[in-house]
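Here is my note on the model you sent. Please read it with the structure open and check each point as you go.

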Amino acid sequence: MLLFKVGNERYAIASSEVVEVIPLIVLKNLPHTPEYLAGVFNYRGFIVPVVDLCQLMLGKSCGNNWSTRIILVNYCSGNHTQHILGLMAEQVVETLHKSQTEFIDAHIQIHTAPYLDKMIVDERGMIYCLDIKYLLSETEQINSLSENLLNTAI
């Protein structure tokens, strides 16, 4: 699991979904996009949209800190085409190895945050696991934007 922070809370993404973690770079802004869409950039010849997880989840942008990174993840769009999406998060500096038996189902479903999956508990507290497919399904604007952008090679 790749660990990162959004605000004061720790989150995790399965390492199998991570393509690469890159430093924060200057993104190209797009007009009339939701605030959580931080911008786009050229990744190996393809335009990749970047979602600011702090903006999406807390309503404030990620800080421009040394440990703020862009996590490139694989995801499948509505037509089952695999794309790369950037997720901007803070303190992307740690990994954690846990077996599936150590994941705890909180039995809580939050309608406005369907991307929250099971939890992990360690000596520092609880870690929310993110299910990328539900993060994106809630933001239809990103999906439609991704469909248009990610199939475009530069």
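**Notes on strands, rings and pockets**

1. Start with the largest pocket. Its lining divides into nine nonpolar, two polar and four charged residues. Here Ala, Val, Leu, Ile, Met, Phe, Trp, Tyr, Cys and Pro count as nonpolar, Asp, Glu, Lys and Arg as charged, and the others, Gly among them, as polar. The volume of the largest pocket is about 340 Å³. Of the 15 lining residues, Ile108, Gln109, Pro114, Leu116 and Asp117 are the closest to the centre. Strand E8 (residues 116-122) gives the largest share of this lining, four residues.

2. Know what you are looking at. This is a predicted model, where local features need pLDDT of at least 70 and side-chain atom pairs count only at pLDDT 80 or more, while totals for chains, interfaces and linings use all residues. Residues are numbered from 1 along each chain as its sequence is written, and side-chain values use heavy atoms, with hydrogens and water left out.

3. Pocket terms matter. On a 1 Å grid over the protein atoms alone, a pocket is an open set of points where a 1.4 Å probe fits, with protein on both sides within 12 Å along at least five of seven lines; lining residues have an atom within 4 Å of a point. Volume is the space filled by probe spheres set on the points, which are joined across faces, edges and corners.

4. The second largest pocket holds about 200 Å³ of space. Its lining includes Met1, Lys98, Phe103 and Asp117. By class, this lining has five nonpolar, one polar and five charged residues.

5. Now find strand E5 (residues 46-52). Strands are DSSP runs of at least two residues, numbered from the N terminus. Six of the seven residues of E5 are buried, so the rest of the structure largely encloses this strand. Buried means under 20% relative accessible area (1.4 Å probe, protein chains only).

6. Which strands pair with E5? Strand E4 (residues 37-43) does, antiparallel, over six bridges. Strand E7 (residues 82-95) runs parallel to E5, joined by three bridges. Pairing needs at least two DSSP bridges. Val51 stands opposite Leu87 in E7.

7. Phe41 has Val48 in E5 as its bridge partner. Phe41 is buried, at 10% relative accessible area. Phe41 also forms an edge-to-face aromatic pair with Tyr43, 6.3 Å centre to centre and 70 degrees between the planes. Rings of Phe, Tyr and Trp (its six-membered ring) pair if their centres lie within 6.5 Å; over 60 degrees between planes is edge-to-face.

Terms used:
Buried means under 20% relative accessible area, exposed over 50%, partly exposed in between (1.4 Å probe, protein chains only). Rings of Phe, Tyr and Trp (its six-membered ring) pair if their centres lie within 6.5 Å; planes under 30 degrees apart count as stacked, over 60 as edge-to-face and the rest as tilted.
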